[in-house]
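Hi,

Here is the structure I promised to pass on. Have a look at it first, and my notes follow below.

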Amino acid sequence: MTLPDIATRHAFFTGKGGVGKTSLSCATGLALADVGKRVLIVSTDPASNLDEALGTPLGSIPTAVHGAANLFALNIDPEAAAAAYRERMVAPYRGVLPAAAIQSMEEQFSGACTVEIAAFDEFSKLLGDPAATQAFDHVIFDTAPTGHTLRLLTLPSAWDAFIASSTGGASCLGPLAGLEKQKALYAATVKRLADPQETAVILVARPEMSALREAERTRTELAELGVRNIRLAINGLFKANQPGDTIADAMTRRAAEALAAMPKALSDLPVTSTPFLPRGTVGLDALRIMAHPENAATPKPAPMPTPVLPPGLRGLLDGIAGSRRGVIMTMGKGGVGKTTIAAAIAVALAELGHKVILSTTDPAAHVGATVEDGIPNLRVTRIDPAFEVRQYTEEVLRKAGSQLDAAGRAMLEEDLRSPCTEEIAVFRAFARTVDEGKDGFVVLDTAPTGHTILLLDAAEAYHREVMRTQGDMPESVRQLLPRLRDPDYTHMLIVTLPEATPVHEAERLQADLRRAGMTPYAWIINQSLLASGTTDPLLGERGSCELPFIRHVAGTSAVRCALIPWLPNSPVGRAGLAGFVAV
């Protein structure tokens, strides 16, 4: 069987960004609907592309999918959920409290915490309240990239503990009474998540080392949360029909090596695999082929197109190196290769003699596994949330707590236990890292798009939160937005793949950045089979499909553009990363 067998009423599809969670969850839901089951697919991803995969505009209520009887879908929009949640919490006090108090409450509800808890609030209604989805036989959750998903899954316990330990009347989430009312619903949500008769979790991975490492990390953390009904789905498995093509042989070999090295606990799970499909997975016809790959047309040998393609990475690198300092940020949808490209740029700049720091703000943090130790001029760091929270908490207590009486200090300590503290602490570390671009190059492998935008948007919320906890705003934070908006100081590189969804997501990211006053320096199109030189018919067919997206990016979306072919050598270590700049 190529698709997971879903016997439970609820199913979660989760995994590293870019592994195909949306396409696999949609294909599974469509297959169930095609045999007469009523199915609801829900996206909890801030960067959802569920509409595109299903070919139907979606909103926050179940919408019938065109061309698929029995199939419905909806998007949980975190920002819209936050606005509705904020108004629901504040509305009862309008006309009762003074205008200044209402304004203070609205500010308390403006941070990243509120977005998170509001999205979870919507999610809990679907999972914790059977009446909300009683019209459906199956509810399938297409969840966000792993860091966000784990945050979502752990929120019930985290917020419940936060409510229980809070003795004051308000938090960074506003009046605690608003949360107290939700306790029963959250408890039901936790119970349903951990019930193997009710809920299955499908870990989606590509046959790649990094994706399988992430799947094992997720499996471990889910098990610690009491989730036991876990499956593994390997997506996009390629095997060359005839040996002899360098790219096809390398892709086959790398997949086999990754699967052979899979941790035993992961390989012991029930496993399904979906084959590599050359024409993508957008639209109902393509999704049905995922369920029945034997119906896919056999590609015929044909010469690859030989158009004029964008140049490689070397030209962009030379242009950036001329500034001799500053920040380079790789940004884009999860799974497009931001980490590898950031590492390749950092290593190349270090080998040119520049002082370089390579760091990440990504909760999943794979950058350390890509670069070996001991490269001259290069220092690899990571923003560790636990460490940053500890440092920030100690600093606030030392500076503000010493002036408070016992009751006041207890209230401050309570405030610092709130989830907002982590956002603020990580934001400070991000600003501190950007500040180091004064003295050399800082290359930042950033988180998937939704988390990145939240991070860049956090300046005003940060300022309010710091003032509320009586902390100090470091100079690095004051300078952060001006530096990010300075094209001579910050070079933002949007990374994408030559496929529909990554390109459209990258265009949305560029629009968001421009609204924030930030102009991307260039686009990088990664892993192009068209540029790889492959003669394999299956890979050649996929390569031919790339051309419209390459032309669109180079001709419309990007001021500057670089194209990196799919390379046969694994992009790990100094030698592997050098290939990204050499082509």
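A term you'll need throughout: two residues are in contact, or touch, when they have heavy atoms within 4.5 Å of each other. Please keep in mind that this is a predicted model, where local features need pLDDT of at least 70, side-chain atom pairs count only at pLDDT 80 or more, and totals for chains, interfaces and linings use all residues. Residues are numbered from 1 along each chain as its sequence is written, and side-chain values use heavy atoms, with hydrogens and water left out.

Let me start with D536. Leaving out residues up to four places away in sequence, D536 touches F238, D245 and A248. D536 is found in the loop that runs between β16 (522-528) and α23 (537-557); helices (H or I, at least four residues) and strands (E, at least two) are DSSP runs, numbered from the N terminus. D536 and I247 are 289 residues apart in sequence, but their C-alpha atoms are 8.0 Å apart in space. Is D536 buried or exposed? With a relative accessible area of 8%, D536 is buried (buried is under 20%, exposed over 50%, partly exposed in between, using a 1.4 Å probe and protein chains only).

T496, in strand β15 (residues 490-496), is buried too, with a relative accessible area of 0%. Neighbours within four places aside, T496 has contacts that include V336, P502, W523 and N526.

Now the overall picture. The protein has 24 helices and 17 strands, and 55% of its 583 residues count as buried. Among contacts with a separation of 6 or more, 78% join residues 24 or more positions apart.

What about the nonpolar cores? Such a core is a set of buried Ala, Val, Leu, Ile, Met, Phe, Trp, Tyr and Cys residues joined through side-chain atoms within 4.5 Å. The largest one has 63 residues, and L54, L71, L203 and L232 touch the most other members. Apart from it lies another core, of 36 residues, including L313 and A522.

One helix pair is worth a look as well. The axes of α14 (residues 338-351) and α24 (residues 573-582) come within 9 Å and cross at roughly 95° (axes are lines fitted to C-alpha atoms over the stretch in contact, with angles from 0 to 180 degrees between N-to-C directions). The two helices, α14 and α24, are therefore roughly perpendicular, a label for angles of 65 to 115 degrees. Among the residues that meet there are I341 and V347 in α14, and L577 and F580 in α24.

Cheers

Key: Angles under 35 degrees count as roughly parallel, over 145 as roughly antiparallel, 65 to 115 as roughly perpendicular and the rest as oblique.
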